[in-house]
Structures are given as structure tokens and as C-alpha cells.
Amino acid sequence: MGYQVIIPAAGEGKRMKAGKNKQFITLQTIPIIIHTLKVFEQDPLCADIFLVINKAEEEDFKKLIMEHKIKKIKKLVPGGSERQESVYCGLMAIEESEIVLVHDGARPFVQTQVIHTLFEAAKKYGAATVAVPVKDTIKQVSNEKMVMNTIDRSSLWSIQTPQAFHMELLKQAHDEAREQEFLGTDDASLVERLGKNVYIVDGDYKNIKLTTPEDLIFAEAILSDWTN
């Protein structure tokens, strides 16, 4: 039994300053979202993809999916105004699954072996997320931009996606967050609110999320390294 994955791709991506959904920006002539979808299309453990989109862009997504022969799309799901709401919409579209992954559409460099390790961790622990240790010195800063404290980074990790969960646990976490009008920074934070443990799976520093124009420079470099 494999997993099903929710990929939110409905955001405007304003920080990218592209004047369009950043998912449609091309890297070596291929849109970012297609790079991401191909990872799961080619993973034998991936049963279905639920792609959460802006309804107004549905025809654009359909065209790309057909052009690039992405066959595991189970459903194009209209998303919400916030990422959390979009993930919830995707979750509600899944009829039955043991393990559900959530992965950012603009994070195209996740490795299949990392996904498989995450999948096994979620089966064992109920909730797991990919992450990497923080490399930079982290300082707590006041509103006046004065350093208040230097934080010990030995226990700090930078959280990535995918994140993976037992489906019923993720549903419970989202339901409670909606009832209490809580907006979390990621799906793992919703599960943490239930008092549940989230297991960390070692990720890859190349598994970057493409958020700003500068990120595209790194993305092109990663792709060039992989294709040479």
C-alpha cells in the first residue's frame, strides 16, 4: 500500500514578483509545478496526486498536465485563500488512505529516497516531516532591531516538505484547527497542537522552496548540476 499526496499550488506567490502564479515559471523550459509533479509521477509508492489549484487557473493546469503526461493526478481541487485551507480542501477530496503526504508545489527538488524514508516514518510514528539542521547563527531580535539573545542552534531544524501523516490524525488536526480558528505555519504544527509527536526525517539542503526571485538562481544551478 502506497501513499497519496496533496500538493497545494493555488497561492499567488507575491514574493516571487512574477506577475503570475510562480508554479508556471519555467526552469530549463519546464514549469516548476511539472518538475514537482514528475517526482511523484515516477515514484512507485505514490498512488494518487491531489493537486490543489486556483479554480481560475484550472485550464492552464489541465493543459500542462496533458502536455507533460502526468497520469497520477486523481483530482484537481479548488483551493482556499490560505495554504492551510487549501490542504484541507485536498484532504477532503481523498476518499480513503492510510498515509497522506503534503508537499509544496514550489519545492521541486525532493529526492525519492527521502520520500520513502518519510513514508516509513509516518507509518511507524503517525506523523513525520522532512527537515535539515539550521546552519546559520540564529539571534532573537527586538522590534527595534536590537539583538536580544543568541539562540543555541544545536536543537534547531529548518522544516521542509513533504510532511506525512496517518490520514485520520491529519483530519483531526485540521478539524480542530478550523473549529478554534487556528492558523499554523505548516501541517505538522496542527498535529503538534494535539499533543502528538512529529518525527524528523533527515532532508537535503537542495530541497529548497522557490519563494523569491533569488531562489530561481539556486534552482537553475541545482538543475544544471543534476543534468551535467
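In which loop is the place of lysine 145? Lysine 145 belongs to the loop between strand S8 (138-141) and strand S9 (147-151). The close-up views below show a predicted model, in which local features need pLDDT of at least 70, side-chain atom pairs count only at pLDDT 80 or more, and totals for chains, interfaces and linings use all residues. Residues are numbered from 1 along each chain as its sequence is written, and side-chain values use heavy atoms, with hydrogens and water left out.

**View 1. The hairpin of S8 and S9.** S8 and S9 form a hairpin with 5 residues between them; strands (E, at least two residues) and helices (H or I, at least four) are DSSP runs, numbered from the N terminus. The two strands pair in the antiparallel sense over 4 bridges, where pairing requires that DSSP finds at least two bridges between the strands. Glutamine 140 stands opposite asparagine 149 in S9. In the turn, lysine 145 has a positive phi of about 65°. Most residues other than glycine have a negative phi, and most peptide bonds are trans.

View 2. Threonine 161 and proline 162 are joined by a cis peptide bond, with omega at about 15°. Proline 162 is placed in strand S10.

**View 3. The open sheet of 7 strands.** The strand order is S5-S4-S1-S6-S10-S7-S11, and the pairing is mixed. Strand S5 (73-78) and strand S11 (199-202) are the edge strands, each pairing on one side only. On average, neighbouring strands of this sheet are turned by 25° against each other, direction ignored. Within the sheet, strand S1 (residues 3-8) and strand S6 (residues 99-102) pair in the parallel sense over 3 bridges, and valine 5 stands opposite leucine 101 in S6.

View 4. H3 lies across S1, strand S4 (46-53), S5, S6 and strand S10 (157-166), and runs at about 145° to S1. Axes are lines fitted to C-alpha atoms, for helices over the stretch in contact, and angles run from 0 to 180 degrees between N-to-C directions; contact means heavy atoms within 4.5 Å. The axes of H3 (residues 83-93) and H5 (residues 167-179) come within 11 Å and cross at roughly 135°. H3 is therefore oblique to H5 (under 35 degrees counts as roughly parallel, over 145 as roughly antiparallel, 65 to 115 as roughly perpendicular and the rest as oblique). Residues of H3 in this contact include Tyr88 and Leu91, and those of H5 include Leu170 and His174.

**View 5. The aromatic pair of tyrosine 3 and phenylalanine 119.** The ring centres of tyrosine 3 and phenylalanine 119 are 5.9 Å apart and the planes stand at 55°, so the pair is tilted. Rings of Phe, Tyr and Trp (its six-membered ring) pair if their centres lie within 6.5 Å; planes under 30 degrees apart count as stacked, over 60 as edge-to-face and the rest as tilted. Because tyrosine 3 lies in strand S1 and phenylalanine 119 in helix H4 (residues 112-125), the pair ties together parts that are 116 residues apart in sequence.
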